[in-house]
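Welcome! Here is a short tour of one protein model, written for someone meeting it for the first time. Please keep the 3D view open as you read.

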Amino acid sequence: MSDNGLNGVPVTGDFANGGLSFWYRQIGVPAQRPALPGSRDYDVAIVGGGYTGMWTAYYLKKAQPGLRIAILEREFAGFGASGRNGGWLSAEFAGSRERHAAARGRQAMIDLQHAMFTAVDEVIEVARAEGIDADIRKGGLIHVATNPAQDRRMRSNLAALRTWGFAEQDMRLLTAAELAGRIRIAGALSATYSPHCARIQPAKLALGLARVVSDLGVDLFEGTTVTEILPRTPGRAGRAAAVTDRGTVTAEYVIRATEGFTASIKGQHRQWLPMNSSMIVTEPLPDEVWERIGWQEYELLGDEAHAYCYAQRTADGRIAIGGRGVPYRYGSRTDVRGATQPQTVAALRKILTTLFPAAAEARIQHSWCGVLGVPRDWCSTVHLDHTTGLGWAGGYVGSGVTTTNLAGRTLRDLVLRRDTELTALPWVGRQVRQWEPEPLRWIGVQVIYSLFRAADRRETRMEGTSAYARLANLIAGR
Ligand SMILES: Cc1cc2nc3c(=O)[nH]c(=O)nc-3n(C[C@H](O)[C@H](O)[C@H](O)COP(=O)(O)OP(=O)(O)OC[C@H]3O[C@@H](n4cnc5c(N)ncnc54)[C@H](O)[C@@H]3O)c2cc1C
């Protein structure tokens, strides 16, 4: 997409057609750190320099400063979803609560939810303690219903959440009048509010973490592509290995932290489906527009549609809003440095101006997309196998900003063989079946999202949840 750039500066390179993310356009793309200089041995090798990899390195180094840790990153730390997301540092956790409870009991799932509440504050506290300024503002999370079907679904979801550890102070219903006192959204019927969420500038958190782990003595190698991850074998003196284009790193443990990019590693092609999510951001809105919209507390905002949207008010007074866009590329391909399609930009702009007619005149200054990882059962996982020396965390299905922190602390405890409250949580050590081969995978995702969109269209005219959505969830296996 074309525009005059940020503050009139011509747009070049990664940002010429949108791309990478507005967050990097704000602060600049960092210079790449040196690549792996050749084969090396470490105690722990981490593949992928996103939040998962960096939180894992951070907590391991804090617990045992003597550990030799390397992060192997294909581009630069924060290149992936961690530097492109919507900035919801939220306590939302991906996956079916019933499925987790079936594995480890209902209380274990409630413990997991409480661990997510705590993790929001943990990220805020570490950022403060480590001097990471990521525009963090804990204003809570609002979900809005804009038709009777969404309203009914929202109320029934809230009633269900009461049985899963959500007390009144964790999430409550807002009347239309209460919502209007916070944010004025066209057509809003009702909303829920949860205090467990903070607005962040994602790339600032990613670059801050990269600085902190480097200062702690973690070797962060960038421009280094891992092509294969190998289990322990007697032939390598019992070491696991990450094979790269720059040499092989052997280690006691190799942790895979590549989320939506996992399919590009040999043998991992059908593990986590790279689901696309796209975003647009407006120019800074004038004061009179903000007076009409409200949104003074910087709450994060989402809707109750099946093909839902998510939004934030940025620190410099813009609206950034995201949604699914083109959901999936054939063969688990990923985007080219965040470039997104014109039809996705148009669709997101329509959602923006429908929710906020006051922003109808606002120019869209940037658009981009990224991939998040979706496991076959849509439930996140953290895992470490002491026999093979291999571990991983991910499959956050779009709720990874906070969950990655929980993953990092859990992987620390698993690597250090500590039995803790974290290692007893039900998302630890799950085995998930693989996705179907192509073309079934592509057809399945197209059908699922066509049904979700059809359900959203039908629900503008009906009272309850559309059968199309139920069918989509059935096919998805959620
Ligand atoms: C547009 C968008 C909006 C989102 N909004 C939100 C939100 O508001 N809130 C929320 O909770 N979640 C959100 N998410 C999801 C969240 O951002 C991710 O779940 C989270 O950032 C995942 O972090 P990660 O470290 O596991 O993966 P990533 O950040 O994707 O990091 C993986 C890293 O691995 C590197 N890599 C890939 N392949 C290789 C290889 N072969 N060798 C070496 N390195 C490799 C990549 O370059 C990348 O840096 C969003 C995602 C997207 C795409």
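Is Leu-230 buried or partly exposed? Leu-230 is partly exposed, at 23% relative accessibility; buried means under 20% relative accessible area, exposed over 50%, and partly exposed in between, with a 1.4 Å probe and protein chains only.

## Before we start

This is a predicted model, in which local features need pLDDT of at least 70 and side-chain atom pairs count only at pLDDT 80 or more, while totals for chains, interfaces and linings use all residues. Residues are numbered from 1 along each chain as its sequence is written, and side-chain values use heavy atoms, with hydrogens and water left out.

Helices (H or I, at least four residues) and strands (E, at least two) are DSSP runs, numbered from the N terminus.

## Around the ligand

Let us visit the ligand.

An N or O atom in the side chain of Glu-73 is 2.6 Å from an oxygen atom of the ligand. A polar backbone atom of Trp-88 is 3.0 Å from a ligand oxygen, and for a backbone N or O atom of Ala-81 the distance to a ligand oxygen is 3.2 Å. The ligand taken alone exposes 1000 Å², and the protein buries 99% of that; these areas come from the Shrake-Rupley method with a 1.4 Å probe.

## Helix H10

Helix H10 covers residues 400-415. Its expected span is 1.5 Å times one less than its number of residues, so the 16 residues should span 22 Å; the end C-alpha atoms are 21 Å apart, which agrees. H10 is mostly covered, with 16 of its 16 residues buried. Just after H10, Arg-417 takes a positive phi of about 55 degrees.

Further on, Pro-439 lies in the loop between H10 and helix H11 (440-459). A cis peptide bond joins Glu-438 and Pro-439, with omega about 5 degrees.

Leu-20 lies in the segment before helix H1 (22-27) and has a positive phi near 45 degrees. Leu-20 counts as buried because its relative accessibility is 0%.

Ala-237 sits in the loop between E9 and strand E10 (239-244). Its phi is positive, about 55 degrees, although Ala-237 is not a glycine. With a relative accessible area of 68%, Ala-237 is exposed.

## Distances and cysteines

Leu-230 belongs to strand E9 (residues 226-233). The C-alpha atoms of Leu-230 and Glu-288 are 58 residues apart along the chain and separated by 58 Å. Val-218 and Leu-67, in turn, are 151 residues apart in sequence and 8.8 Å apart in space, C-alpha to C-alpha. Val-218 is buried, at 4% relative accessible area.

How many disulfides does the structure hold? It holds zero, a disulfide being a pair of cysteine sulfur atoms within 2.5 Å. For Cys-369, the nearest cysteine sulfur is that of Cys-309, 17 Å away. Cys-369 is buried, with a relative accessible area of 1%, and Cys-379 counts as buried at 0%.

Conventions: A polar contact is a pair of N or O atoms within 3.5 Å; within protein, one must be able to donate a hydrogen and the other to accept it, and residues adjacent in sequence count only if both atoms are side-chain atoms.
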